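Subject: Structure for you to look over

Hello,

Here is the structure I said I would pass on. My notes on it follow below.

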Amino acid sequence: MTETTQTQPALTRSTATPTLNEQQEQQKILVQRLKEAGLNTKCFLKVGGSFDEKTGEFKPKAAFEIGWQNKPYNPEDFTKPCNSAECKVCSSGKPHMRWGINAGQDLILLDSDDRRLYDALSNTSLPETLEVTSARRKIPAKYYAIDGPKVENLHLYIPEEKASVGEVRADNWYVVAPRTTIPYKDLKTGEDKTGTYTITKNIAIARVEYNSFMKAITPFLGSDPAQRLTIEDIENGVSEGERATVLFKEACKFIHAGISPQFTYDAIKLTASKCTPPFTDYEELKRMIKNAAQYKDKAQNIQTTNTAEQLQQIGAEATTTQEHITLKEVKETFKKWLYLEGDDEAE
Ligand SMILES: [Zn+2]
C-alpha cells in the first residue's frame, strides 16, 4: 500500500467518510459536551500517524507521538496544519484528521469490546450518558465525569468469563474520538472497510460520584482480587474488618505484576501500618504473599518456580520497625506496573 491510499481511503468509499464539515460538527458537539460537564477540553491526542515497522501496515488507532501523554491537544488544534515531526500520513499544510480522546482528570471512558458487556453496563445503576460508537465493532463507549477520588484504569469482564472484554479508561488510556475514520478488516470476512467513530447518544456527559461508579462496575471486575483495590486503600489503610481482604488484594496486585516478594512485603506492611488499628501479624502478611503467588499459578495455570526462593527470604527483617520503602515508591510502582502495562491502545 502506498501512503496515498492509506491516507485517503475515502477516494473509493466517499459515502462512508465524513466530510470536513461533518467531522467538525461531531468534534464541536463533543467539545461542547466536555465543557458543559466541567471537563478539561485539552485532552486530545493524534492517532493514526504511523506505520507498523515490521509489517508496514498503517496503524489507524495508535498514538504515535512520543510523550503524547504529556502534551495533550486543544480543540483549536483540530484545524491547524499538522506539523508533527512524527506524523507519517499528513500532507503538509493539512490538519491532522485522526484524533483520540484521553482519559484523565475527571473524564473516564467505559469501553466495551463485546456487545454483552455494553448491554450489561447499560443495565447498571449508572446514568445514561454521552456515547460514541466504534468504527469496527460498532459498540458504544460511555463517557463519564467522576466526582471524588481518582478512578484507576481497570479491565472489565463478563462475570464468570476469563478474558477481559473492556476497560475503564481513566488514566492515560484513550479511545478514538468521534468522526475519526479508520480503515479496518471486517471481523468476519476479512474484507477491507472503513468506519467512523460516531456520537450515537448525544446527551450530557453524566457526572457520577466515585463510590456509586465503583459500586456499579464492581460486578465486571473479574476474578482477579487485585483489581478490586484502590490507591486510597493502599495510602490510608482500612478499618479492622477489611484489613485482611485489602492487604491480600494488595499482595496479589504486586505479585501478579511481577514485583518482587520483598518489595511486595514492604508495601503491604506499609499499608498494614496505616490501618485502624494497624495490622501487625507479619507472619500472616508473608502467608498472604505466598497465597498470592499460588493464586496466580492456579488462575493462569502456570507453574512459577523462580519466586520460591524469594518467597523464602521475604520478611527476613520483619521484626525491625524500619521501613524499607516509602509510600511514594509504593504508589508509583502501583501505577507504573499495574495500570500502564498492557493495552493502552484504544479498541
Ligand atoms: Zn498528521
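This is a predicted model, in which local features need pLDDT of at least 70, side-chain atom pairs count only at pLDDT 80 or more, and totals for chains, interfaces and linings use all residues. Residues are numbered from 1 along each chain as its sequence is written.

Helices and strands below are DSSP runs numbered from the N terminus (helices are H or I with at least four residues, strands are E with at least two).

Nonpolar cores

A nonpolar core here is a set of buried Ala, Val, Leu, Ile, Met, Phe, Trp, Tyr and Cys residues joined through C-beta atoms within 7 Å. Buried means that 20 or more other C-beta atoms lie within 10 Å of the residue's own; exposed means 12 or fewer, partly exposed is in between, and C-beta atoms are placed from the backbone.

The largest such core has 48 residues, and Ile108 and Tyr144 have the most contacts inside it. At least two residues each come from helix H2 (20–36), strand E1 (44–46), E2, E3, helix H3 (115–122), strand E5 (140–147), strand E6 (154–156) and E8. E5 gives the most, with five residues. A second, separate core has 23 residues, among them Leu229, Ala251, Leu270 and Phe279.

Contacts are counted between residues whose C-beta atoms, placed from the backbone, lie within 7 Å. Leaving aside neighbours within four places in sequence, isoleucine 108 is in contact with Ala103, Tyr144, Ile146, Val151, Val168, Arg169 and Ala170.

Strand E2

Strands count as paired if DSSP finds at least two bridges between them. E2 runs antiparallel to E1, with three bridges, and tryptophan 99 is the bridge partner of lysine 46. E2 also pairs with E8 in the antiparallel sense over three bridges, where glycine 100 stands opposite valine 176. In a regular strand the side chains alternate between the two faces of the sheet. Both faces of E2 are covered, as Trp99 and Ile101 on one side and Gly100 and Asn102 on the other are all buried.

Backbone exceptions

Most residues other than glycine have a negative phi, and most peptide bonds are trans. Glutamine 105, in the loop between strand E2 (99–102) and strand E3 (107–112), has a positive phi of about 50°. Asparagine 172 has a positive phi of about 60° and is found in the loop between strand E7 (166–169) and strand E8 (174–176).

The peptide bond from threonine 276 to proline 277 is cis, with omega near -10°. Proline 277 is in the loop between helix H7 (261–274) and helix H8 (282–300).

Regards

Conventions: Contact = placed C-beta atoms within 7 Å.
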